[in-house]
Structure formats: C-alpha cells, structure tokens
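This report describes one protein model for a reader who has not seen it before. The sequence and structure come first, and the description follows.

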Amino acid sequence: MLPSHGNGFKNNVITFLYIFLASVLFALSFPNLFVTNGISLLAWVAYVPVFIAISRIGLGASIFWGALYGYTAYGLFNYWLSVFHPLAGVIVGCIYLTYFAILFPLLKLAERLFPKKYYIVQWLLWLSYEFLRTKGFLGYAYGITGYSQWQVLPLIQISALFGVWAVSALVVFPSTYFAAWIVYNIKNPTQYWFSFIKKEWIAPSLWFCALIASLIYGFISPVSYEQAPKARVALIQHNTDPWRGGIVAYRQNFAILKRLSLEAVSQEQKPDLVVWSETAFVPRIYWHKTYRDDQESYELVKDLLDFLATQDIPYVIGNDDGRREVTEEGIWDKVDYNAAILFKKGEEQQIYRKMHLVPFTEHFPYKKQLPFMYEALRNADTHFWKKGTEVTVFDANGIKFSTPICFEDTFGYISRRFVQNGAELIVNLTNDAWSKSLPSQMQHATMAVFRAIENRRSVVRSTASGQTCAIDPNGRIIAMAPAFTEVQLTVDIPLLSQTTWYTKYGDFLAWIFLSISGLSLLLAVVRLTIRACHRTIKEE
C-alpha cells in the first residue's frame, strides 16, 4: 500500500491525483508540447494541489509523495532531456526526486510547527528551494516559477531590482494561500466559507500591495534607448547538431555557416559583428592549426582561417578549444574547453571559456570519489570539458560584449558578472539542436528575457537550430528566427551602460528568503524543545 496519513486505497488515489494534477499544471505553465509559449496564468495556482496533498499526508509519507512529485513534474517538464544523453533524463529525475523527498517533509513540518501561519513558512521554503537548486555542481535553473511569466512584461520588470526571485515570490504565494484556505474549509465544514480570509487577511493584503507596486514599477521603469548607440549583429543559425557526424558532416556545416555569413555581410548595411553558435565549427581550431595531428581536420581549419582572413568584419565562433596542459594526474595532455573565440582577419583576438558546465554531461569532478559513475558516463560517450576561469569581456568595433555559452544564460549571476566587468551586450551561443524539441528551445530562450531586464542590457542569442533571437533591455523579444531552419538574422540592438540594483546587489532577496525560512524552522524547533523540557520537569 502507498504511504498515506489516512487509511485506505481511496485516500492514496486522491493524493495521487493531486500530485499528478500539480505536475501537469507545472509543466503546462512553461513552454510545452501543446502550447509553444506556455500558459503563464497556470503558474499562479500550479502548486495548490501540492499543498493540499501535503495537508492530507503524514510526515513519513511526505518523503514518498515528494519523490513522486519531483520525478513526475520534471519528467513532464523536461521530457526532452532523454534525447540529450542516455543518462540525462534518469539523472535529472533522480535529482528532483531527492530534492522533493527533502522539501515535502519540511513543508509538512512547517504545517505542524506553525498551525496558523504555516502557509507563509511554506511559501518561504518553496522560494528557498528554488534558489538553492541553482547552486553548486548540480545547479539547474529550468523550472524556476518566475520564468513562467516571461510574457508578462509589466510584472517581470521587478527583476531589475531583485532578479527572478521577486517574480517567483509573487507567483508562488497564491498557491500556498489558496491551498490553506481550501484545507481550512475542508477541516471546518460548519464554518462560514470566508472565515479563513477574515482571520488571515494581512498576508494576502501585503501580497496584493506588492503585486500592485510591482505592476506600477513595471509600467514606469522600462528604459528609453532611442538615443543609445546601436550595434548591428548577424546571428547565424545553420540548423544542424554540430556534434553529429564526421569530417564530411563538419565540412557541410562549414559550408552552410559560410554561405549564411556571406549573405549577412553582403547586405547593404553591413553588420558590426557575425556570431556563430556554440561549437558551430567542430574541429579544434587552435589544436589542429598548431599540432596538425589529423590532416583532414587541419585542412578544414585552414579553410576556415583562410575564409576569415578575407572578412573585414569580426566573427565570434563557438569551438572546442583544445590545449596541451597539465592534467589532474600531473601529466601534459590535451584538455578541451567549450569556448567562444573572437577572430578578426583570421587572427584570434580574445577567447572565453565556459565557466559553468552542465553537470554529468559536460563536467564530473568526482572521478576519485565516484569512479563507477565516472566510468558509466565515459562509457555513454560523455565529452568532458575543463572549466574556464576568466570573465571575458570582448571588444570588437567598439562593442563591449560577453558570451555566456549555452545554459550559462539561465543563471542570473553569470550575466551579472559580465556586466559588472563592463559588458554592454550579452551574446549567448547555444546548441539545443540535439533536443529536436521546440519546447526545449523555448524554455531556454525565455530565461534570457530575464537576463536582459536584470541588467538592462540587450541580449542576442545565436543558436544551432533555435531560438535565435534578439531581446531589448526591457525584455521584449524584438526579432526571432524560425526554428529548425537555415537562416541568418541580422538585428540592430541598443547598447546601454547603466547599472541596476540587481547588477549591484545580485540575489540578496533570495538570500533573505533562505535566511528567514531557515531561522523560522530553527526557532520553532527550539521553542518546542524548551516546552517539552518544561513539561518533563513539571511531571517529575
């Protein structure tokens, strides 16, 4: 029998239906198979079934139900991960199974420790969980509640002050409050329907004031950039997964990239910069140019450099940057970086190496501690990279820009660091072609909207197959290329240099949520312990 606070098959079925409904609402809130842009409105009530289910179960059973919700919700939301890597879907599913197996008992504990105001503590705990899961080796930002609101521009302008966390705070609260209201009426059927609201009116009133203030800010805060200097950028989408195939496929990729680039630079108004996507050119440019250990690859690299030498316009190219360095074993050997390289007239000018690598599929630092896992990943044809360390700000034709690579643009702190170092434009290089999924590409692209607003910087994305686009400093997508097509998208985007609160102070609001929720649980446990000790003393 499934774990449940109540007895009987019926209780378990009802709880399961709550968990499944919550999982579906969560997945539908974001870009999905049925609605390309997602249904933003659903996010405001997506967790109501979760909190109702928690009220029905015991503390021990909450571990099981939390695990089930984590695996189901992310299985539906990130269904495309199984295409990325044979182990990716299973690994992510197990990670979120574990996360929610921990979070659900904490949410249940909040209900017991704070009988009257538990919904507020649950709200804080949920926000703390969303923040913590973006940290460390397992950091993963897909599914942060605030990102579901990417289309609601007046609401998300608050990100310029507090990041996506303020948006999550506004969106999650109705779920905790409405669930508490419903549970109260279920437990007190003889009470007037609005009795709970009469008792608990302060918190929703404050939330409503915060919502109105955020919307007012959203209407008055967008920046005017009509007088700002402009950059004209050509974004090349060649519509292939660069890592599939051999030298013949790589030559075909290069031919497409070259053709689309020449189309872009032959326009009457020429671009200031041409951008190719993540690992768009596969043979290691520096490595094969230097060591010539593979003749066919060397010849293709030479063809690329000869082509670039004819170009007056700078190119940014995604490439596997192979170098000979001392490895962890203390020997000289080739190491690979996922890199963005700036070329001018065929000469390398600057380079950025990806700093936040995808866990398990790009980076696994626990080879010694978990050798069996390391070998399983290697046997599954995992390509490991070495982490970059330099926060590079490129300078090309007077344009100061930085290039978060692939899912690096899903983390606010990375783009913030680039802007703090002087970047006036964020240029994301991405390859999501492996997913063969429009929802995957849209989920990724919509998070870039927040990077623009947080720092009041234009964001452009050059991708292998989509979503290649340009976003203005107010988070408005001003141009997007059709997905899964060979196309060049040339855009004029404003360059701003102002500093926002978020750029200055980062994720301080999320740290406040985390501190208050942790301190609340700690103080409640201490209080109950002291009371228990007093009762013991009196009984003696």
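## A partly exposed loop residue

Asn 239 is partly exposed, with a relative accessible area of 26%; buried means under 20% relative accessible area, exposed over 50%, and partly exposed in between (1.4 Å probe, protein chains only). Asn 239 belongs to the loop between β1 (230–237) and α12 (247–265). Helices (H or I, at least four residues) and strands (E, at least two) are DSSP runs, numbered from the N terminus. The phi of Asn 239 is near 60°, a positive value in a residue other than glycine.

## Basis of the model

This is a predicted model, in which local features need pLDDT of at least 70 and side-chain atom pairs count only at pLDDT 80 or more, while totals for chains, interfaces and linings use all residues. Residues are numbered from 1 along each chain as its sequence is written, and side-chain values use heavy atoms, with hydrogens and water left out.

## The chain as a whole

The protein chain has 19 helices and twelve strands. Its radius of gyration is 25 Å, close to the 24 Å that the globule rule gives for 540 residues, so the chain is as compact as a globular protein of that length. The radius is taken over C-alpha atoms, and the globule rule is 2.2 Å times the number of residues to the power 0.38. Along the principal axes, the C-alpha atoms fill a box of roughly 85 × 55 × 45 Å.

Of the 540 residues, 58% count as buried. Among contacts with a separation of 6 or more, 72% are between residues 24 or more positions apart; contact means heavy atoms within 4.5 Å. The chain exposes about 22900 Å², of which carbon and sulfur atoms supply 62%. These areas come from the Shrake-Rupley method with a 1.4 Å probe, and for residues only the protein chains shown count as cover.

## Helix α3 and its cover

Helix α3 (residues 61–77) has 17 residues and reaches 24 Å from its first C-alpha to its last, close to the 24 Å expected at 1.5 Å a residue. The expected span is 1.5 Å times one less than the number of residues. Among the buried residues of α3 are Trp 65, Tyr 69, Ala 73 and Phe 77. An α-helix has 3.6 residues a turn, so residues three or four places apart point the same way.

The cover over the buried residues of α3 includes α1 (9–29), α2 (48–56), α5 (88–113), α6 (118–132) and α17 (438–455). Helix α5 holds Ile 102, which is exposed at a relative accessible area of 51%. Ile 102 and Ala 67 are 35 residues apart in sequence, and their C-alpha atoms are 8.3 Å apart in space.

## Buried residues in loops

Phe 360 sits in the loop between β5 (347–353) and α15 (371–379) and is buried, with a relative accessible area of 11%. Beyond its neighbours within four places in sequence, Phe 360 is in contact with residues including Ile 91, Ile 95, Phe 137 and Phe 384. Ser 148 lies in the loop between α6 and α7 (153–156) and counts as buried at 1% relative accessibility. Not counting residues up to four places away in sequence, Ser 148 touches Ser 29, Phe 30, Ser 40 and Ala 43.

The buried residues of helix α16 (residues 412–420) include Ile 414, Arg 416, Phe 418 and Val 419. Covering them are elements including β5, β7 (399–402), β8, α17 and α18 (501–505). Just after α16, Gly 422 takes a positive phi of about 115°.

Arg 457 is found in the loop between α17 and β9. Arg 457 is buried, with a relative accessible area of 3%. Among the residues that Arg 457 touches, leaving out those up to four places away in sequence, are Val 419, Glu 424, Ile 426, Asp 472 and Gln 498. The C-alpha atoms of Arg 457 and Ile 426 are separated by 6.9 Å, and the two residues are 31 apart along the chain.

## Backbone exceptions

Most residues other than glycine have a negative phi, and most peptide bonds are trans. Lys 436 has a positive phi of about 50° although it is not a glycine. Lys 436 lies in the loop between β8 (425–430) and α17 and is exposed, with a relative accessible area of 59%. A cis peptide bond, with omega about 0°, joins Gly 466 and Gln 467. Gln 467 is in the loop between β9 (458–463) and β10 (469–471).
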